[in-house]
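Please consult the sequence and structure as displayed here.

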Amino acid sequence: MTKIKKSRRDFLKAAGITGGAAGVAAVALASKPVKAAVPESGKSSGYQETEHVKKYYELARF
């Protein structure tokens with residue numbers, strides 16, 4: 001079996017090329033915009049101050 005000795009510089013070159021290719025692939029695959037989910041009622045759920053949130057505020061002294 002022949003042992004091939006690669007230099008650190010060769011490894012870093014390959015890593016840079018691979019990273020660049022992954023970035024290009026990610027951009028190419030993400031070409032479709034994604035819309036946010038909307039509840040069926042059409043009303044946004046948003047922030048709600050429930051009992052556990054009020055208790056947290058009380059304990060944290062907000």
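**Salt bridge and surroundings**

Lys54 counts as partly exposed because its relative accessibility is 39%, where buried means under 20% relative accessible area, exposed over 50% and partly exposed in between (1.4 Å probe, protein chains only). This is a predicted model, in which local features need pLDDT of at least 70, side-chain atom pairs count only at pLDDT 80 or more, and totals for chains, interfaces and linings use all residues. Residues are numbered from 1 along each chain as its sequence is written, and side-chain values use heavy atoms, with hydrogens and water left out.

- The side chains of Lys54 and Glu51 form a salt bridge at 3.9 Å, N to O, the term denoting a side-chain nitrogen of Lys or Arg within 4 Å of a carboxyl oxygen of Asp or Glu.
- Glu51 is exposed, with a relative accessible area of 61%.
- Both Lys54 and Glu51 lie in helix 2 (residues 51–60), three residues apart, about one turn of the helix.

Secondary structure
- The protein has two helices and zero strands; helices (H or I, at least four residues) and strands (E, at least two) are DSSP runs, numbered from the N terminus.
- Helix 1 (residues 8–29) has zero buried residues among its 22, so it lies largely in the open.

Aromatic pair
- The structure holds one aromatic pair.
- Tyr56 and Tyr57 make up this tilted pair, at 6.2 Å centre to centre and 55° between the planes; rings of Phe, Tyr and Trp (its six-membered ring) pair if their centres lie within 6.5 Å, with planes under 30 degrees apart counting as stacked, over 60 as edge-to-face and the rest as tilted.
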